[in-house]
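Thanks for coming. I will take a few minutes to walk through one structure, so please look at the screen.

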Amino acid sequence: MPRPIQAFIDPSALTHNLSVVRQHAPKAHIMAVVKADAYGHGLLQAAHALKSADGFALLELNAAIALRDAGFKHPILLLEGFFSMEELAIFEQYQLSSVIHHPEQIAMLTTSGHRRLDLFVKINTGMNRLGLTPEQLPFIIDKLITLQCAKSITLMTHFACADDSKEKESVLRQLHCFKTVTHGHSFPHSLANSAAIIHYPETHTDWIRPGIMLYGASPTPDKTAAELNLKPAMTLSSKVISIQQLKAGDRVGYGGLFTADCAMRIGIVACGYADGYPRHAPTNTPVLINDRRTRTLGRVSMDMLAVDLTGIDDAGLNSPAILWGNGLSVDEVAQYAGTANYELLCALAPRVEKRLPQ
Ligand SMILES: Cc1ncc(COP(=O)(O)O)c(C=O)c1O
């Protein structure tokens, strides 16, 4: 029998979550964000389940080519654009759309002669990560138009704080900046990530760019995934591979971080940080054993973690464990571990087999 850890990927959940996005923004085109191997779910399987999206966005050139080679004819947007003249030729060959976020990219475009790309010109409206400054924008647009560098132009920005209801002012400030600098241009717009799709209908412009909500995780602390009618697309599951009977005072795992204060039965689950489970998840992080909710104990090690079997008398060797997914939201596990749902999903290790429904 192979090591029992597996990630079950549910394509119907992805398709369902895409339909939830459409209900929120029925008039917008959807650019499904499938970077980082579709947030850990497996690029091609995820793309098949999301094929009714209007386009895909990612930032790994080899993954974009893999989508084309698999027959996807959708617009495919590279969110960091091209990095060299050589890449530009590949963009043209595979008809990939590019974000333009730096004047250096315009220089490459004009000297390369590759002028038949769909371009998403990104404006830095306050996140200060990628994007042209509002001052650079008019010059860049003029240049693109006069030199006929683009097949089409879309104007885009990205919000820094759309997930946080206390940061409404920041989103509105970014939106105001975007409207001011794009005033007078008739190009389409692309603004919203998942959190903005949920919280800011005014950002549902021509192209929206949902990522995390497609995978069934909540983009905002204000609402659970279930409240948003999102279904988990990944269930990380394993089994109990050892049982230990502790006496009061016995300690568990590396560093002996957990000490039993009374006799108790614990299980050891085949899942550790080399599988993508967060090492910093503390004692009490929730886990399901035999579909019953319990907690982790002590430090997560590379290949295993310990769970409390108190009150789960029917649990024993080979009992199923769910680390996140159906019945236990990845959002909740992330919160206990002091990290983001994004990080847990993307960190799924290559050694964990991904399984699709038969
Ligand atoms: C430019 C851009 N758009 C959209 C997204 C999707 O964001 P989310 O997963 O929060 O929906 C990302 C993800 O980081 C991004 O970088």
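When I name a helix or a strand, I mean a DSSP run, numbered from the N terminus: a helix has at least four residues, a strand at least two. Asn-290, for instance, sits in the loop between strand E14 (286-289) and strand E15 (292-297). Please keep in mind that this is a predicted model.

Let me go on with Asn-290. Its phi is positive, about 50°, although the residue is not a glycine. Is Asn-290 buried, exposed or partly exposed? The count is 17 other C-beta atoms within 10 Å. Buried would take 20 or more, and exposed would take 12 or fewer, so Asn-290 is partly exposed.

Gln-95 gives us a second case. Phi of Gln-95 is near 50°, again a positive value in a residue other than glycine. Its loop runs between helix H5 (85-93) and strand E5 (97-100). Gln-95 has 15 other C-beta atoms within 10 Å, so it is partly exposed.

Compare that with Ser-52, in the loop between H3 and strand E3 (55-58). Here there are 12 other C-beta atoms within 10 Å, so Ser-52 is exposed. From Ser-52 to Val-33 is 19 residues in sequence and 13 Å in space, C-alpha to C-alpha.

Now the whole chain. It has eleven helices and 18 strands. The C-alpha atoms fill a box of roughly 80 × 45 × 35 Å along the principal axes. Of the 358 residues, 45% are buried. Among contacts with a separation of 6 or more, 62% are between residues 24 or more positions apart.

H1 covers residues 11-24, which is 14 residues. From first C-alpha to last, H1 reaches 20 Å, close to the 20 Å expected at 1.5 Å a residue. Which residues of H1 are buried? They are Ala-13, Leu-14, Asn-17 and Val-21. These four lie on the same side of H1, because they cover an arc of only 100° around the axis. On the face of H1 turned away from the buried side are the exposed residues Ser-12, Ser-19 and Gln-23. And what do the buried residues of H1 pack against? Strand E2 (29-33), helix H3 (43-49) and helix H9 (194-199).

On to the strands, with E10, residues 234-246, as the example. E10 pairs with strand E1 (residues 6-9) in the antiparallel sense, over four bridges, and Ala-7 stands opposite Leu-236 in E10. Strand E17 (residues 320-324) also runs antiparallel to E10, joined by four bridges; there Ser-238 stands opposite Ala-321. With strand E13 (residues 264-269), E10 pairs antiparallel over six bridges, and the bridge partner of Gln-245 is Arg-265 in E13.

Last, the ligand. What kinds of residue form the shell around the ligand? Six are nonpolar, four are polar and one is charged. Among the residues surrounding the ligand are Val-33, Leu-79, His-158, Asn-193, Arg-209 and Pro-219.

Methods. Residues numbered from 1 in each chain as written. Predicted model: local features only at pLDDT ≥ 70, side-chain atom pairs only at ≥ 80, totals over all residues. Near = placed C-beta within 6 Å. Nonpolar A, V, L, I, M, F, W, Y, C, P; charged D, E, K, R; others polar. Contact = placed C-beta atoms within 7 Å. Expected span 1.5 Å × (residues − 1). Arc of directions from axis to C-beta. Pairing = 2+ DSSP bridges.
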